[in-house]
Amino acid sequence: MATPSYDFIIVGAGVVGPALATNLASKGKTVLMLERDLSEPDRIVGELLQPGGIQLLEKLGLGAALDGIDAAPITGYEVIYEKNSVNIPYPPPPHQTKPAVGKGFHHGRFVMNLRRLSSETEGVTLKQATVTEIIEKDGRIVGVKTKENPEPYYATITCVCDGTNSNFRKQFVQTRPVVKSHFVGTILQNPDLQAPGHGHCIIGSDFSPMLIYSISPTEARILCNVPMATLPSKGNGDLKKWLETNSLPHLPVPLQKSFAKALEDESQLRSMPNQYLPAIQYDVQGLIILGDAMNMRHPLTGGGMTVGFNDAYLLSEALGRLSSDELASHSHLQIILKEFRRHRKGSSVVINVLSIALYHLFAADSPELKILQVGCFEYFKCGGEHIRGPASIISALTPSVSLLFYHFFAVAFFAIRLNFVSKIKESGLLGFFIAFYQMFTTLWTAAGVFLPFLFKELLY
Ligand SMILES: Cc1cc2nc3c(=O)[nH]c(=O)nc-3n(C[C@H](O)[C@H](O)[C@H](O)COP(=O)(O)OP(=O)(O)OC[C@H]3O[C@@H](n4cnc5c(N)ncnc54)[C@H](O)[C@@H]3O)c2cc1C
């Protein structure tokens, strides 16, 4: 086997690559990070970092990545349902009294800071290079080939962090992501937000959800969910028409003007598929797959970067403790990966399952999901623990499987009770029988959008 020149090669310097590289290098490991394009990315992903994600960023030694990028503080959510609204502030982090704060920013500026800080860390070498092949020798991954350099790079461990459309995931696992819908986004200039400093989630029974959050003091990102596996064409104007018909009229009036203005420049419209990929299983000597390449959730709850940072932190802490000989031993790596899978269950899994369950409710497309949607909104309106619990999960401050389970099914039972009240009011005894029947179908639906995803994630 060729002598490894590095302890680790990391493929991809997006969000997760630099986090992993920095923490590994801080533990004395040598890391080569290869990124195909080191210029500033212009994407509609990864623009809201939850308070729990900020804590992780600091633990990874990258807190300064939020400096100098005109980031906007986010202190919670404003959920708007058919013109009514409820405010969901982030709770204070554990053992603190001041409410937690997240940050909204331009993705590209944040990634450039992550790359810079990481490459300034002793032990990290960052190069622009497109990885074309992962080299396998005698059943073990030993390094990579790139388009730019005829000489391969060798390392003890190769980490694949090449994002959503990972080429290398496909090489090692059969599981394919499922496209749930698309987000189409543009930027609103100086929008008149109902609750400045909050992420706005606009939902209703007859339209697809929209998200709005500040990404600088003067700009806000709007993401409109388009519930189709294939988008209407942008080139012939169909996408713009779809947004004008299906999204714009459902925005609060003060925002309609800024959205209509933003739509005038169709070239600014960007889209991304919203994919779900339960954490993948693989057993390949010398290989680690992390970030979106390993696991994806719905972006509705803005949890992807937090999951990525959490996973990078857990894994680099454990790998950082291994000697060079231990790193080269497959059995040691397997023990570390097993530990990693167990530890991420309390956090990353919760964020993933919440995103999928909430997406089904907020994009309700069946009578039962609509019952759950209105129930969820009314549940939040009860205030107190009804918003503190869910907010502590979405902010990633104290995620826990039991808390998620409790609040999800509390919403389901609350929704069923509300449905009884409204059906009886509408149609008397007949309404009671309809609500009685819907009690079972709603519970079945609630279980169906929660339990299979929970089990899939927990089984990892
Ligand atoms: C529409 C949308 C909105 C989102 N919004 C949020 C949000 O607000 N908050 C949040 O926390 N999360 C959000 N996410 C999720 C978040 O963006 C991802 O979880 C996160 O970016 C994953 O980081 P990553 O490093 O795995 O992948 P990426 O950030 O995509 O990085 C992958 C890197 O690998 C590089 N690369 C790929 N192939 C190669 C190769 N062959 N050789 C070298 N380099 C290569 C790419 O150029 C890229 O730089 C959103 C996702 C979507 C789809």
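1. Which of the 35 residues around the ligand come nearest? They are Val16, Glu35, Leu48, Asp292 and Met305. A residue is taken as near when one of its heavy atoms lies within 4 Å of the molecule.

2. A word on the basis: this is a predicted model, where local features need pLDDT of at least 70, side-chain atom pairs count only at pLDDT 80 or more, and totals for chains, interfaces and linings use all residues. Residues are numbered from 1 along each chain as its sequence is written, and side-chain values use heavy atoms, with hydrogens and water left out.

3. Now the polar contacts (pairs of N or O atoms within 3.5 Å). In Asp292, an N or O atom of the side chain is 2.8 Å from a ligand oxygen. Gly302 has a polar backbone atom 3.4 Å from an oxygen atom of the ligand.

4. The protein buries 94% of the 1,000 Å² that the ligand exposes when taken alone; these areas come from the Shrake-Rupley method with a 1.4 Å probe. Two or more residues of the shell come from each of β2 (31-35), β16 (270-276) and α7 (304-320), with strands (E, at least two residues) and helices (H or I, at least four) being DSSP runs numbered from the N terminus.

5. On to the rings: the structure holds 15 aromatic pairs (ring centres of Phe, Tyr or Trp, the latter by its six-membered ring, within 6.5 Å; planes over 60 degrees apart count as edge-to-face). Tyr77 and Tyr90 are edge-to-face, because their planes stand at 90 degrees, with the centres 6.2 Å apart. Tyr77 sits in strand β5 (residues 76-81) and Tyr90 in the loop between β6 (84-89) and β7 (102-104), so the pair ties together parts 13 residues apart in sequence. Tyr77 is buried at 7% relative accessible area, and Tyr90 is buried at 2% (buried means under 20%, exposed over 50%, partly exposed in between).

6. Another edge-to-face pair is Phe432 with Phe433, at 5.6 Å centre to centre and 75 degrees between the planes. Phe432 is partly exposed, at 32%. Ring pairs link Phe420, Phe432, Phe433, Phe436 and Phe440 into a cluster.

Key: A polar contact is a pair of N or O atoms within 3.5 Å; within protein, one must be able to donate a hydrogen and the other to accept it, and residues adjacent in sequence count only if both atoms are side-chain atoms. Rings of Phe, Tyr and Trp (its six-membered ring) pair if their centres lie within 6.5 Å; planes under 30 degrees apart count as stacked, over 60 as edge-to-face and the rest as tilted. Buried means under 20% relative accessible area, exposed over 50%, partly exposed in between (1.4 Å probe, protein chains only).
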